[in-house]
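Please look through the structure below with care, and then follow the paragraphs after it, which move from one part to another.

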Amino acid sequence: MSTEAIAAAKPKRNYNALFGLTLLALLVLLWVILSVATPSFASANNISNLLRQGSMIAILAVGQTFVIITGGIDLSVGAVVGFATVIVAMLINAGVPIFLAILITLLVGVAIGLFHGFGIVKMGLPPFIITLATLTSLRGIGLLMTNGNSISINNDAFQLFSRSSFLGVPNLFWMVILVGIPAYVFLHHSRWGRYLFSVGSNAEASRLSGVNVQRTIYMAYTLSGLCAAFVGVLLASRIGIGNPTQAEGWELQAIASSVIGGTSLFGAVGSVHGPLLGAFILATINNGANLLNVNAFWQRIITGVLIIVIVYFDGLRRRGK
Amino acid sequence: MTSTAQELHPAPTLEPGRTILELKGLEKQYPGTHALKRINLAFKASEIHAIVGENGAGKSTLIKLLTGVMPRTSGDVIWEGKPAALATPHEAMALGINAVHQEVVLCRHLTVAANMFLGEEDSRFGILQQRAMVREAQKIIDDLGFDLPAHVVLGDLTIGQQQLIAAARATVRGTKFLIFDEPTAYLTRKEADQLFTLIRRLKGEGVTIIYISHRMEEVFELADRVSVLRDGTLVGTRNIAETNDAELVKMMINRSIEQVYHKEHFTPGATLLEARNLSGKGFENVSMTVRAGEIVGLYGLIGAGRSEFVTTLYGRHRKSAGQILWEGKEVQVNSEHDAIRLGMALAPESRRDQGLCLNLPVGLNLNLPIYKRISNNLLISSAQEKAEADRQIANLRIKTPTRNALASSLSGGNQQKIVIGKWLAHGAKLFIFDEPTVGVDVGTKAEIYRLFSALLSNGAGIILISSYLPEVYELADTLHVFRRGKLVATHGFHTADHEEILTQALAEKQEKPGGQI
């Protein structure tokens with residue numbers, strides 16, 4: 001309890017928007033450079049490809065961001081994606097109507113999220129631990145269910161969806177918009193969004209102010225599970241198989257996108273546009289590196305360096321330099 | 001006392017009365033704020049020099065400059081006749097400048113002994129001499145007259161006891177210049193007395209003490225001289241014998257002391273809340289009523305069960321026996337949510353831990369309890385959100401550039417206004433204030449007390465918890481005294497004197513040294 005203000009109170013107005021614009025500028029800059037540097041980057045084909053690549057991580061990153069804002073982390077999302085491909089593939093092959101198969105898969109994602117909430121709220125486990133546990137067990141359950149084999153999906157309509165475009169834009173990217181707009185409204189214009197921030201900032205103060213902290217935690221993990229299951233459906237549609245080992249390491253890409261997008265791992269700082277931009281920046285770097293024939297190993301290093309640089313400069317600015 | 005003590009505190013080289021540290025035109029500017037303006041001040045060796053001032057007057061900044069936590073903007077610091085840069089905490093410590101902060105900055109998971117020697121452990125061939133360190137630490141603690149074990153984990157001690165350890169730690173480091181920043185905010189009277197004994201003893205050994213406090217009676221009890229800061233300017237320095245309360249308060253705030261405790265009496269209305277033989281963790285068999293238009297004061301030492309009692313009323317903890325009646329009907333309060341729905345509001349004890357979301361905007365903090373009301377089923381009305389926040393900021397005169405500034409950027413007093421202010425728009429009937437003025441300056445205190453009157457005149461009831469007797473004494477219509485989890489006495493407004501109430505609150509404590517663990 002310092003007896004006086006440490007520093008001048010500076011208005012932080014539009015900070016989020018400003019940071020978002022900076023990220024957008026970075027993304028556009030990358031695109032301009034790559035268009036000049038490689039003949040194939042600006043082709044319609046490649047852009048569609050890029051949007052498809054980035055879309056799934058982008059949706060994962062949005063769910064992940066909700067969790068991180070509460071001060072938690074969801075390591076299970078990659079495993080949930082893989083598990084969801086298995087569920088949706090099995091259901092479709094069993095003759096369940098596509099619509100129903102998708103709905104059930106999404107509900108499985110919700111159930112996994114609720115389980116995370118239960119582990120954190122009722123069992124008192126740290127988020128890192130409970131989601132790490134589901135990460136490994138879900139992969140195991142999926143392997144048991146499939147005997148370690150891939151399940152080919154016998155339904156062309158289902159697979160056609162993720163390969164098609166609407167108004168010239170890949171359907172997968174439309175899905176980002178479908179998730180992104182409600183997510184934005186939820187986070188920035190509903191009271192539940194405010195509660196995510198307040199719980200991440202100070203759970204005890206929120207509780208004493210009448211915020212239902214437990215329900216808020218449940219909500220964050222449920223939404224993350226839901227986003228992951230949705231991505232699982234999209235992935236199954238894209239590759240045409242159900243395989244529990246798919247999406248290995250996607251949780252880390254989702255976390256990286258979120259962090260590049262300005263989310264603070266300490267909680268209470270984050271947005272929806274940030275992780276979306278973060279995901280597409282990562283996708284662009286991978287895509288560009290491929291086109292420039294940069295060794296795939298280097299791509300990982302570049303991603304790591306980028307995380308350090310962006311988070312470092314973001315931290316500098318937040319500290320008010 | 002013993003010879004070890006003398007060895008532990010190397011005798012300062014200066015005789016008493018000579019200047020040890022001099023500030024010449026010291027300035028500190030933050031972006032947008034001029035925190036200290038041309039401070040000229042000389043500290044003498046072996047004096048206790050109190051510094052008082054409102055929140056935001058520049059006291060914390062001064063400490064930060066002296067301990068090397070932050071660089072000064074301009075001006076000179078002369079240490080023992082030579083200019084000192086004080087660019088790093090390390091440099092300040094090497095000179096012999098140390099500080100004991102209001103909130104203990106030690107490692108809660110390590111033992112008392114490990115904390116005392118943190119950074120200068122005794123080791124032989126790289127192996128820690130743990131037993132020797134515990135023995136040594138125990139000797140120091142015993143020698144200082146603190147009845148505390150050196151081998152226990154620091155976090156197991158009360159905050160007050162941790163503070164004593166922090167003070168003891170500072171004394172073993174060849175300190176010549178020791179700064180105490182509001183050390184007694186969380187101490188019981190007994191712990192405070194032990195601390196004062198330590199401070200006087202250090203003075204006797206030639207150490208210069210800077211004592212920062214909001215509590216005037218402590219300043220008069222301890223200090224030789226007192227300096228007053230206001231708005232970053234040094235208003236003046238007085239010998240303690242040549243000044244008084246009234247003069248200092250006037251220097252601090254330009255206002256007289258009678259105006260601080262603002263009290264209006266209202267005719268009590270209907271009973272809002274009744275506790276019947278309520279028991280829970282930390283208190284037992286407490287009965288009381290709160291009526292509309294009255295302030296019910298709960299006085300006692302920290303740990304006497306007052307906070308536990310109100311948090312149980314508020315649904316934070318489960319009651320183990322007894323009944324809670326709200327407006328005459330028995331109710332089950334199983335969560336904070338239930339309590340809030342009934343019409344209770346709680347401004348908790350610790351702003352930092354329980355009251356505020358520090359890294360979120362002021363506006364969000366103010367609106368947190370009422371988001372349900374200012375949103376439809378789906379969306380928040382952003383016009384209403386802005387209007388409510390701005391209204392509270394204006395009404396309470398919260399000093400913030402905009403509602404979007406982070407709560408952490410405000411001064412303590414203004415933060416406290418947020419903690420209280422967020423309930424005003426909520427329309428509660430019973431307000432529970434737990435230590436509402438800890439670490440708050442006199443000016444803000446007066447504003448908070450006037451706010452109480454406004455609430456009462458609107459038909460609300462107030463439970464006021466305070467460890468500061470003058471506060472509950474001057475404000476409470478009914479005063480309950482707690483001791484060791486029990487309600488031991490009840491008084492009307494001014495029907496008992498300070499001494500009687502103090503005795504009731506302390507009674508067992510004095511017979512039993514070392515209690516309160």
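Helices here are DSSP runs of at least four residues, numbered from the N terminus. In this predicted model, one such run is helix α15 of chain B, which covers residues 412-421 and holds Gln415(B). Because a residue counts as buried under 20% relative accessible area, Gln415(B), with a value of 8%, is buried. Setting aside neighbours within four places in sequence, the residues in contact with Gln415(B) include Arg351(B), Leu356(B) and Leu358(B), and also Ala407(B), Ser408(B) and Leu410(B).

How confident is the predictor in chain B, as given by its mean pLDDT? The mean is 83, and 91% of the residues of chain B reach 70 or more. Over residues 1-14 of chain B, however, the pLDDT is below 50, although this stretch has 23 contacts in the model beyond near neighbours in sequence. Residues 508-517 of chain B also stay under 50, and for them the model has 19 contacts beyond four places in sequence.

Turning to chain A, helix α12 runs over residues 273-291, and at 1.5 Å a residue its 19 residues should span 27 Å, which agrees with the 27 Å between its end C-alpha atoms. Of these 19 residues, 15 are buried, so that α12(A) is mostly covered.

Two packed helices are described by the angle between their axes and the distance between the axes. For α3(A), residues 77-93, and α4(A), residues 98-121, the angle is about 150° and the axes are 9 Å apart, while the crossing is right-handed. Among the residues that meet are Phe83(A) and Ile87(A) in α3(A), and Thr105(A) and Val108(A) in α4(A). The residues of this contact divide into twelve nonpolar, one polar and no charged.

Notes: Residues numbered from 1 in each chain as written. Chains lettered and ligands numbered in written order. Predicted model: local features only at pLDDT ≥ 70, side-chain atom pairs only at ≥ 80, totals over all residues. Heavy atoms only, no water. Helix = DSSP H or I, 4+ residues; strand = E, 2+ residues; numbered from the N terminus. Buried < 20%, exposed > 50% of the residue type's maximum accessible area, 1.4 Å probe, protein only. Contact = heavy atoms within 4.5 Å. Expected span 1.5 Å × (residues − 1). pLDDT = per-residue confidence, 0-100. Axes fitted to C-alpha atoms, helices over the stretch in contact; angles between N-to-C directions. Left-handed = near helix turned anticlockwise from the far one by under 90°. Nonpolar A, V, L, I, M, F, W, Y, C, P; charged D, E, K, R; others polar.
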